[in-house]
Amino acid sequence: METLKSALDFSDFPRLDLVVAGSLAILFLIFPVFPHSSFAMATMIQFLMFSLYGMGWNTIGGYGGQVDLGKAQYVGIGAYTTTVMLVRWDIPFWFSMPVGVCFAVLWSFVLGYPLFRLKGHYFAIATIATSLVLKDLFEVWDFVGAARGLEISPIKFPPPDFLRLIFKEDVYYYDVILGFFFVGILYMNWFRKSRLGFQLRAIKDNEEVARSLGINVHWAKIKTYAIATAFVSVVGSFHACYIKNIEPEDTMSLDISILIALMAMLGGAGSLWGPIIGAGILIPLKSYLKEWLGATAGLIGIDLILYALIIMVISAFEPRGIWGIVQKVRRRRQ
Amino acid sequence: MALLELERVTKNFGGLMANHEISFAVGKGELLGLIGPNGAGKTTLFNCISGAYPVTSGRIFFDGEDITALKAHEVARRGLARTFQVYVASGDLTVIENVMVGCFMHTRSRSRARAQAGEVLKDLGIHDLSTALLNELPVASQKRVSMATAIATQPRLLLLDEVAAGLNPGEIEEIMGSIRHVHEELGMTVMLIEHVMELVMKISHRVIVLDYGQKIAEGAPEAITRDPAVIKAYLGERYAREHGAV
Ligand SMILES: Nc1ncnc2c1ncn2[C@@H]1O[C@H](COP(=O)(O)OP(=O)(O)OP(=O)(O)O)[C@@H](O)[C@H]1O
Ligand SMILES: [Mg+2]
């Protein structure tokens, strides 16, 4: 009960934040009613997906300060679990998605235990490595289609199918992911005020002090890593039904991992709105660049150049991202 | 029975013997001072007691339980809290949030943690700092916040590492008041490392002196002030003369 109340309680934010957030929420709700291009719709869905990825990342990476650059492997676990279960045994999304979360979380415990013995850059590099190894494994694993990947045929599962999440019109996908998005925000609003949320911030501040306050630092990190993983895996499952064609190179690439982390860092790591702001800037930018430059965008790596620039600017000027700047200005005004 | 008991505790860093076969006991309700020159091994001893460092040899008992092999967070949960001599805060948390982290050791509820943290801050007279960021505060206030955070875990034994270092006489009076309050009103057993002799000699029931990792003296403040070995190693002739010991 107190949990639910805490999740719904945004009263510690200034009125301005709530007005902006509320207006945006209404805008998102009514967006499909207005005339829109399929490009705009696709961008909105991507934006919501990446906001959720970013929220998940933000638990361990933002509040906990553990720079995790290996989230793509959990996108993959979610996406593959849902696809394999659907294609091979006709098991619908709403069942395969939680199963995917279980697999992903189990895997996150297996990795988290040794990974969190590492600190700083070593941790970041190790997360990249584990993600790449899993991707390589999937590329040679025939059961999941190896490098060709797997396809969900809309002929076999005629749309609209609400159980299997197979639709022809994107608007249904939009509605589903928007639902997840709101649930995600409520969860994160609870999380940031929870005991674990506070303990993580203490860990980020100073691990030695955190330990002296009775916090099992290693276990707190592993638990939070599992939470981040669950978020990512859910969206991964959704991604599979939405894209209907997954292969290791797309779903589990390093680009995805970096984009997830970058989103939250640009918007503001360790803040509720940060990942949403980050995704709101980066996803449209990425989409437009692709639209504008066509296939050459990927070829000349312009998005990678952009990411590198953003990372440099953030680490040089404001490690707490855009939201950090807003907070600073506000504190100065007081 | 003693609340804390050390049995021949030794800590080596490579070839350096930071603590050598140190034994002593702290009784319930006692206020114990730990003094000695720079590098004598005082902070290292706190680190060993609180589980931050594994000891090289020897045993440590807390309330009768052998805590030698326990991790820092396990020791903390048994009721042993400490402050840190040097404390680097990134400044993400406000003062009250810092103290709440301590309160969260005993409760999951945020509202309860917040209420308790408010009490502790009021107790130490720094309630007005609640919403300040830790790294924006002067050293004196930071020290009191770190004391408040440790107290928030409701320890039975509180280890304070140089909470009066770098403070002016007025601030020293204030922190002395806080220590007395914690000891007398909250009933905590306190052990403090301090270079500020006015403070440590005035409020300690008993003082232990370390030098080069060894315990060279133990006794009442007046006796310690007169102890030739302590004068030679640490206090100096001038201090002894001014305090009428020689
Ligand atoms: N982690 C460590 N690794 C190696 N040597 C250490 C470590 N910590 C302390 N030492 C060494 O152990 C000795 C005792 O240090 P310690 O910090 O315990 O002294 P101290 O009595 O607290 O001194 P001060 O009054 O200056 O705080 C010093 O020589 C110090 O350099
Ligand atoms: Mg010291």
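Trainee: Let's begin with Ser131(A). Is Ser131(A) buried or exposed?
Mentor: Ser131(A) is buried, because its relative accessible area is 2% and the cut-off for buried is under 20%. Keep in mind that this is a predicted model.

Trainee: Where does Ser131(A) lie?
Mentor: In helix H6 of chain A, which covers residues 120-140.

Trainee: And what does Ser131(A) touch?
Mentor: Leaving out residues up to four places away in sequence, Ser131(A) touches Gly70(A), Ala72(A), Gln73(A), Met252(A) and Ser257(A).

Trainee: How far apart are Ser131(A) and Asn216(A) in space?
Mentor: 26 Å, C-alpha to C-alpha. In sequence they are 85 residues apart.

Trainee: Another serine, then. Which helix holds Ser237(A)?
Mentor: Helix H10 of chain A, residues 217-243. Ser237(A) is buried, with a relative accessible area of 0%. Among the residues that Ser237(A) touches are Gly78(A), Thr82(A) and Phe93(A).

Trainee: New topic: the two chains. How many residues does each chain bring to the contact?
Mentor: Chain A brings 19 residues and chain B brings 33 residues.

Trainee: Which element gives the largest share of chain A's side?
Mentor: H8(A), with 6 residues. By class, the side of chain A that touches chain B has 10 charged, 5 nonpolar and 4 polar residues.

Trainee: Now salt bridges in general. How many does the structure hold over all chains?
Mentor: 21. Take Glu207(A) and Arg211(A): their closest N and O atoms are 3.4 Å apart. Both lie in helix H9 of chain A, 4 residues apart, about one turn of the helix.

Trainee: What about chain B? Where do Arg206(B) and Glu30(B) lie?
Mentor: Their side chains meet in a salt bridge, 2.5 Å from N to O. Arg206(B) is in strand E9, and Glu30(B) is in the loop between strand E2 and strand E3 of chain B. The pair links distant parts of the chain, 176 residues apart.

Trainee: Last one: the magnesium ion (ligand 2). Which protein donors does the ion have?
Mentor: Thr43(B), through OG1, and Gln85(B), through OE1. They lie 1.9 to 2.1 Å from the ion.

Trainee: Why does that pair tie together separate parts of chain B?
Mentor: Thr43(B) lies in helix H1 and Gln85(B) in the loop between strand E6 and helix H3, so the pair ties together parts that are 42 residues apart in sequence. Thr43(B) is partly exposed at 23% relative accessible area. Gln85(B) also counts as partly exposed, at 33%.

Conventions. Residues numbered from 1 in each chain as written. Chains lettered and ligands numbered in written order. Predicted model: local features only at pLDDT ≥ 70, side-chain atom pairs only at ≥ 80, totals over all residues. Heavy atoms only, no water. Donors = N, O, S within 2.8 Å, 3.2 Å for Na, K, Ca; no water. Helix = DSSP H or I, 4+ residues; strand = E, 2+ residues; numbered from the N terminus. Buried < 20%, exposed > 50% of the residue type's maximum accessible area, 1.4 Å probe, protein only. Contact = heavy atoms within 4.5 Å. Nonpolar A, V, L, I, M, F, W, Y, C, P; charged D, E, K, R; others polar. Salt bridge = Lys/Arg side-chain N within 4 Å of Asp/Glu carboxyl O.
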